[in-house]
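Visitor: I am new to reading protein models, and I would like to go through this one step by step. Could you answer my questions as we look at it together?

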Amino acid sequence: MASSDILSSSPKVTFKRPDFPRSDSVDDLADGLSLLDLFSKNRGTGLTYNDLILLPGHIYFRPDDVSLRTRLTKTINLNIPLVSSPMDTVTGSNMAIHMALLGGLGFIHYNQTAEEQAEEVRAVKRYENGFVTNPVVLSPMARVSDVDHIKAKYGFTGVPITEDGKMGSKLLGIVTNRDIDFKTDRNALVSQVMTKDLVVAKAPCSLEEANKVLRESKKGKLPIVNENYELVALITRNDLNKNRDYPLASKDKNKQLRCGAAIGTRPSDRERAEHLVSAGADVIVIDSSQGDSTYQRDMIGHLKQNFPDLQVIGGNVVTKQQAKHLIEWGVDAIRVGMGAGSICTTQEVTAVGRGQATAVFNVASYAAQYDVPVIADGGIRSIGHIVKALCFGGSTVMMGSMLAGTHESPGEYFYRDGIRLKKYRGMGSLEAMQKGAETRYFSESEVVKVAQGVTGSVKDKGSIKTYLPYIVQGMKHGFQDLGVTNIPELHEWAYDGRLRFEQRTPAAQLEGSVHGLYSYEKQFDV
């Protein structure tokens, strides 16, 4: 039989459009659930970031058109919504410096003496200064070896020499590397080697005017003197270069890098706070696994009474009732999360906590009524988790494990099975508690310590100078897929229902991650 005969004898197939009612109304086109409907539907169920997925919107802009500028507290803004956790294997001065340079902020941990923690804060504030109003100064009777000690401790030379070795006295000269590099006698007086023919700027002058003099002089440092030739400030060429290389850097009104620090709720932490404020800390977070306590109430009251300009972050909390208390006590931001961190065992040990997506939504939706920003702390394992945390109402996201293992985190690398690793531990681990972190869990006076965290290790992630920009660019792609251009717009869409969500089954979660491969390796572009 010819093929034409076969075709002609085949039964005809008629395609009929399903008899669905046709409508292009907004309600009929809205897939998924709004944020409010999602959590109303799941009232009494704790949801995590992996349980939920966002539905795409309409793209009309490039990723680079997205702004990630946000509020950390009522008065502190950041150019990216990322902060590092106050953990002793995450944030020291090096991490805090680079987080601020890249547009975020780091919180110096308190598993050290108050003096050591304050010195870490000073290191951040000195790193990029604008006008340096408290530079290291020496007298003419100091020795070259004293300059060596300054270089070893702070990483710079270029030390002004004044009559009495203090700010505000007559400027006599400056000692730089070129003055002492080939000096064999390290006991020589600095007055014998210092440069006396100086280029200076006269106060009062603006930072822009001083920078112009510095550029034209081609010097490394420019002293600022008053009419009596007394030293009142200093600016450096390094800072000019850093302004060029790090345009998003988080700075205070004096053009110094912003820095946060953590304290506990013991009486001795009041003195610690005084050290930190004197060192220049912009914001203090009261570090507690359960922040709804009389101890935190009293500490917030003390800080607000004695340091009225200081920004204070309370937490950690996970419910609206807890948030209500913190807001009544006067906090400037709320830290949300209990037992969600990768090294935290609070939920396992105490049976208390909450799914992080549910916690962030409930606290943020309540705090928004009082214009109090929320920090989503814990449970962050991917860029997608960061985007989700912001969608649920977070203004910033605090990261621990994602930053542990970077070059800037404290600790030394070691090798195991040929893999380069760094130690990462929870502040509730016995190892951390033995160094002082037990105050976070109200257990400093207990004979038997109960661990609420573990000690582990994480892979080398390289430097955050490449890693953090990768994270930021991934976030911008997430915003582009949603069709929103900034964080205030994201929050507006979340609460008015334009942002749509779906709950994922375990199979959908599996499908949405890498699957079906014998082996694979995740990499990011550097």
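Visitor: Leaving aside neighbours within four places in sequence, which residues is S93 in contact with?
Guide: This is a predicted model, and in it S93 is found in helix α4, which covers residues 93-101. S93 has a relative accessibility of 15%, and because the cut-off for a buried residue is under 20%, S93 counts as buried. Once the neighbours within four places in sequence are set aside, the contacts of S93 are I108, E120, A123 and V124.

Visitor: At roughly what angle do the axes of α4 and helix α5 cross?
Guide: Helix α5 comprises residues 114-127, and S93, A96, I97 and L101 in α4 meet E120, A123, V124 and Y127 in α5. The residues of this contact divide into six nonpolar, one polar and one charged. The crossing of α4 and α5 is right-handed, and their axes, which come within 9 Å, cross at roughly 35°.

Visitor: How do the residues of the contact of α13 with α15 divide into nonpolar, polar and charged?
Guide: α13 passes α15 in a right-handed crossing. On the α13 side the contact involves K320, A323, K324 and I327, while α15 contributes N362, V363, S365, Y366 and A367. Sorted by type, the residues of this contact are five nonpolar, two polar and two charged.

Visitor: Which residues does L35 touch, not counting those up to four places away in sequence?
Guide: L35 is found in helix α3 and is buried, with a relative accessible area of 0%. Not counting residues up to four places away in sequence, L35 touches F361, C391, F392, A494, Y495, L499 and F501.

Visitor: How far apart in sequence are the parts that the pair of Y49 and F392 ties together?
Guide: The structure holds six aromatic pairs, and the one formed by Y49 and F392 is stacked, with 6.1 Å centre to centre and 10° between the planes. Both Y49 and F392 are buried. Y49 lies in the loop between α3 and β1, whereas F392 lies in the loop between α16 and β16, so the parts tied together by this pair have a sequence separation of 343 residues.

Visitor: Which residues do ring pairs link into a cluster?
Guide: Y49 and F392 form an aromatic pair, and both belong to a cluster linked by ring pairs. The members of this cluster are F39, Y49, F361, F392 and F501.

Visitor: Which residues of α16 are buried?
Guide: α16 is mostly covered, since eight of its nine residues are buried. After α16 comes G393, whose phi is positive, near 120°. The buried residues of α16 are I383, H385, I386, V387, K388, A389, L390 and C391.

Visitor: What percentage of the residues in the protein is buried?
Guide: The protein has 20 helices and 20 strands. Among its contacts with a separation of 6 or more, 66% join residues 24 or more positions apart. Of the 526 residues in the protein, the buried share is 51%.

Conventions: Residues numbered from 1 in each chain as written. Predicted model: local features only at pLDDT ≥ 70, side-chain atom pairs only at ≥ 80, totals over all residues. Heavy atoms only, no water. Left-handed = near helix turned anticlockwise from the far one by under 90°. Helix = DSSP H or I, 4+ residues; strand = E, 2+ residues; numbered from the N terminus. Contact = heavy atoms within 4.5 Å. Nonpolar A, V, L, I, M, F, W, Y, C, P; charged D, E, K, R; others polar. Phe/Tyr/Trp six-rings, centres within 6.5 Å; stacked < 30°, edge-to-face > 60°. Buried < 20%, exposed > 50% of the residue type's maximum accessible area, 1.4 Å probe, protein only. Axes fitted to C-alpha atoms, helices over the stretch in contact; angles between N-to-C directions.
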